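These are my notes from going through one model.

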Amino acid sequence: MWGFRRTPSRRVGGTDAGAALVSAALGTDPVLRAGCASVAEGELDAGLTLLAETRQDPEARAYRAEALGRAAADDPAEVAALARTGAGSGGGPQQADVLLWLGHALLAGAVRRSGGSAPADRKGTEAALEEARGPFEAAALLDTDDAAPWAALQTVAMGLGADRADKDRLWAETTARAPHLFPAHATRVRTLASTRGGSVEEMFATAGAAADSAPEGSPLPAVLALAHAEHLRAEERRLTEEGKSAFIVRMALGRLHGEPIEELFGLARAWAGTAVPHVRDVQAHHLFGWAFHRAGLTDAARWHLAAADGYVCDLPWSFFGDARTEAARAMADLGLDRPSAGPGR
């Protein structure tokens with residue numbers, strides 16, 4: 001598997017490589033990206049069509065709803081108006097589609113506000129998350145078989161610091177409908193991080209169970225790499241709060257090594273050997289690519305980050321700085337070419 005190699009014509013620095021990367025926030029499928037562009041210009045019919053096509057596919061539904069929500073985050077009022085008076089006001093499947101979309105538009109807006117540390121910033125983020133909760137709950141009531149609103153409610157609960165019983169309830173509701181839904185497992189792993197009241201042991205046990213039970217060809221095992229990223233971020237934060245210098249923190253954390261990275265290597269290799277196309281493939285490539293770069297497994301890291309095809313995901317890079325910058329630095333370190341044309345161009 002790791003025989004994939006590139007001989008770049010020139011090495012590019014982090015800034016140049018970062019400028020060439022394309023955010024995967026609006027999806028990696030050209031049809032979805034085109035739909036998001038239409039939505040951003042106020043043409044909501046494209047979003048309705050894209051969501052209607054996913055009613056029997058939880059992975060595609062959650063993925064498209066997230067992307068369309070980000071596309072509408074600057075003006076969620078248009079989607080809200082559609083829910084009140086337009087195509088989504090008559091009940092039935094289309095209303096569930098619109099409410100799911102509205103929830104994600106509000107959630108995307110809340111995530112954008114979440115960087116501030118002042119009390120007023122925190123209160124604003126909490127208010128935005130509470131606003132997003134309503135449409136998701138309404139969508140879940142309209143379509144009782146749909147896992148997507150429950151998965152999104154997990155994210156809302158994580159952002160609000162909900163109690164463990166509520167988080168467990170939402171997790172149970174989601175997995176009862178879609179046992180292997182990638183974003184649900186990713187959120188569950190993050191929810192169980194020690195920084196959110198969980199424990200290292202439980203977080204890794206949950207991620208490992210998801211990897212072990214994943215359907216053949218699914219990218220779901222990559223959530224174990226996400227657990228490693230959450231753990232390293234927590235350790236970095238702990239050492240920094242103890243007053244350690246940036247140099248000492250880097251030296252203390254070091255590389256991933258030993259049995260954990262061997263386990264990840266085996267999971268990634270098994271996935272690559274049986275993979276079937278999946279909407280979260282690029283996300284999985286970034287998770288594995290980050291882990292192998294951190295472990296010094298150059299060929300494996302290069303293979304995965306090249307397979308991302310010029311797209312960049314926030315996770316896990318954003319745990320350690322600006323996502324685009326961190327990913328570009330890793331790619332430059334691996335000698336990957338700047339994408340010549342770029343995805344979707």
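Does Asp146 count as buried or exposed? I looked it up: Asp146 counts as buried, at 7% relative accessibility. I take buried as under 20% relative accessible area, exposed as over 50%, and partly exposed as in between, with a 1.4 Å probe and protein chains only.

Two notes on the source. This is a predicted model, in which local features need pLDDT of at least 70, side-chain atom pairs count only at pLDDT 80 or more, and totals for chains, interfaces and linings use all residues. Residues are numbered from 1 along each chain as its sequence is written, and side-chain values use heavy atoms, with hydrogens and water left out.

**Entry: Asp146**

I placed Asp146 in the loop between α7 (119–142) and α8 (148–160). Helices here are DSSP runs of H or I with at least four residues, strands are runs of E with at least two, and both are numbered from the N terminus. The side chain of Asp146 makes a polar contact of 2.7 Å with the side chain of Arg61. A polar contact is a pair of N or O atoms within 3.5 Å; within protein, one must be able to donate a hydrogen and the other to accept it, and residues adjacent in sequence count only if both atoms are side-chain atoms. I also found a polar side-chain atom of Asp146 at 3.0 Å from the backbone nitrogen of Ala148. With neighbours within four places in sequence left aside, Asp146 is in contact (heavy atoms within 4.5 Å) with Arg61, Leu100 and Arg177.

**Entry: whole chain**

I counted 17 helices and two strands in the protein chain. Of its 345 residues, 50% are buried.

**Entry: cores**

I searched for nonpolar cores, meaning sets of buried Ala, Val, Leu, Ile, Met, Phe, Trp, Tyr and Cys residues joined through side-chain atoms within 4.5 Å. The largest has 48 residues, and Leu32, Val39, Leu68, Trp101, Phe136 and Leu181 touch the most other members. The elements giving it two or more residues include α2 (30–40), α6 (93–113) and α9 (164–177). The largest share, nine residues, is from α6. A second, separate core of 47 residues includes Ala211, Phe288, Phe292 and Phe319.

Helix α15 covers residues 281–295 and reaches 21 Å from its first C-alpha to its last, close to the expected 21 Å; the expected span is 1.5 Å times one less than the number of residues. I found 14 of its 15 residues buried. Gly296 follows α15 with a positive phi near 80 degrees.

I found five aromatic pairs in the whole structure. Rings of Phe, Tyr and Trp (its six-membered ring) pair if their centres lie within 6.5 Å, and planes under 30 degrees apart count as stacked, over 60 as edge-to-face and the rest as tilted. Phe265 and Phe292 are edge-to-face, at 6.0 Å centre to centre and 65 degrees between the planes. Phe265 is in helix α14 (residues 259–274) and Phe292 in helix α15, 27 residues apart. Phe265 counts as partly exposed at 23% relative accessibility, whereas Phe292 counts as buried at 0%. Ring pairs link Phe265, Trp271, Phe288 and Phe292 into a cluster.

**Entry: backbone**

Most residues other than glycine have a negative phi, and most peptide bonds are trans. Asp309 is not a glycine, yet has a positive phi of about 60 degrees. I found Asp309 exposed, with a relative accessible area of 51%. Leu315 and Pro316 are joined by a cis peptide bond, with omega about 0 degrees.
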